[in-house]
Every structure is written in structure tokens, then in C-alpha cells.
Amino acid sequence: MNKLKIFIFILSTFFMIGAYNYFISIKKINNKIADELKNGNFKDSEPEFEKLLKKNKDNYILKFNYGNLKYKNSDYEESLNIYEKMLLRNEINDAVKSEIYYNIGNIYFIYDDYDKALEYYKHSLFLNPKDT
């Protein structure tokens, strides 16, 4: 019985270490790509994001950053599509939703649809009133 407990403990330890390393590597790559975006390397970042998203389809932070990348590359339709799909997900917190609404508002502002832009800006402020 003790051997079984030891085996389960060792197995679970290896699993936790593997999972930790996996999530840390995703975070490192995401941060690296986010830094590239801040430095203006928008086109260089896109293939990296697409690789990450294929492996991590449900990671909403990656999707949000990918939507931001598309926005920075002036691909507003794709960015809008990504953001709108994200708003349908329940696990996204209000701070991120607020940023999504704000970004959608910016897209509609670019499209000269000021009424729709204002609507999204209001949603953003409702979710995060301190963000002014």
C-alpha cells in the first residue's frame, strides 16, 4: 500500500511540474510577443501568435492579445470578430471585458460610426468606472 502511495505521489509531482512548465512557457512566449507589439514589431508577431493559438485555443489572454495585434495591423474586421466572440465567454473578467468594449468602440470610431462607438465606450466605463 505504501508503494502505491509513493508511486501516486511521484506521478502527481511529475504531472504538476510538467503542467507548471507548460503554462510558464506559454506566458513567456505571450509576454515576448506582447513586448514585440509594444516595440512596433506587429508583422513579426503574427506567426508566433498563430502558432500559440493553435495549441491553446481556449486561452482568452492570447486571443485578446491576438485581437490587439490584428487591430495594430489595421485588420479591423478580424479584430472586431475576435473581440465579439470573446464577449460571449463567461470566464472573462470585467477588467478584460472593459478593455474589449473599449477596443470595439475604437474600431467603430475608425469606421465613423460614432453612435456605436459611444455605446461600446459606455459599456467599457460601466464595467470599469475608474478607467477614465
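## Overall make-up

The protein chain has six helices and zero strands, where helices (H or I, at least four residues) and strands (E, at least two) are DSSP runs numbered from the N terminus. The model is a predicted one, in which local features need pLDDT of at least 70 and side-chain atom pairs count only at pLDDT 80 or more, while totals for chains, interfaces and linings use all residues. Residues are numbered from 1 along each chain as its sequence is written, and side-chain values use heavy atoms, with hydrogens and water left out.

Of the 132 residues in the protein chain, 33% are buried; buried means under 20% relative accessible area, exposed over 50%, and partly exposed in between, with a 1.4 Å probe and protein chains only. Among contacts (heavy atoms within 4.5 Å) with a separation of 6 or more, 43% come from residues 24 or more positions apart.

## Nonpolar core

The largest nonpolar core has 23 residues, and Met-86, Ile-100 and Ile-104 are those with the most contacts inside it; such a core is a set of buried Ala, Val, Leu, Ile, Met, Phe, Trp, Tyr and Cys residues joined through side-chain atoms within 4.5 Å. At least two residues of this core are supplied by each of α2 (42-55), α3 (60-72), α4 (76-87), α5 (94-110) and α6 (114-127). Leaving aside residues up to four places away in sequence, Met-86 touches Tyr-60, Lys-63, Phe-64, Ile-92 and Ile-100.

## Helices α3 and α4

The axes of α3 and α4, which are lines fitted to C-alpha atoms over the stretch in contact, come within 7 Å and cross at roughly 155°, with angles running from 0 to 180 degrees between N-to-C directions. That crossing angle makes α3 roughly antiparallel to α4, a description that applies to angles over 145 degrees. In this contact, residues of α3 including Tyr-60, Phe-64 and Tyr-71 meet residues of α4 including Tyr-76, Ile-82 and Met-86.

## Two individual residues

Asn-106 lies in helix α5 and is buried, with a relative accessible area of 16%. Apart from residues up to four places away in sequence, Asn-106 touches Tyr-71 and Tyr-121.

Pro-129, by contrast, is placed in the segment after α6 and is exposed, its relative accessible area being 57%. Although Pro-129 and Ser-98 are 31 residues apart in sequence, they are 9.3 Å apart in space, C-alpha to C-alpha.

Methods: Angles under 35 degrees count as roughly parallel, over 145 as roughly antiparallel, 65 to 115 as roughly perpendicular and the rest as oblique.
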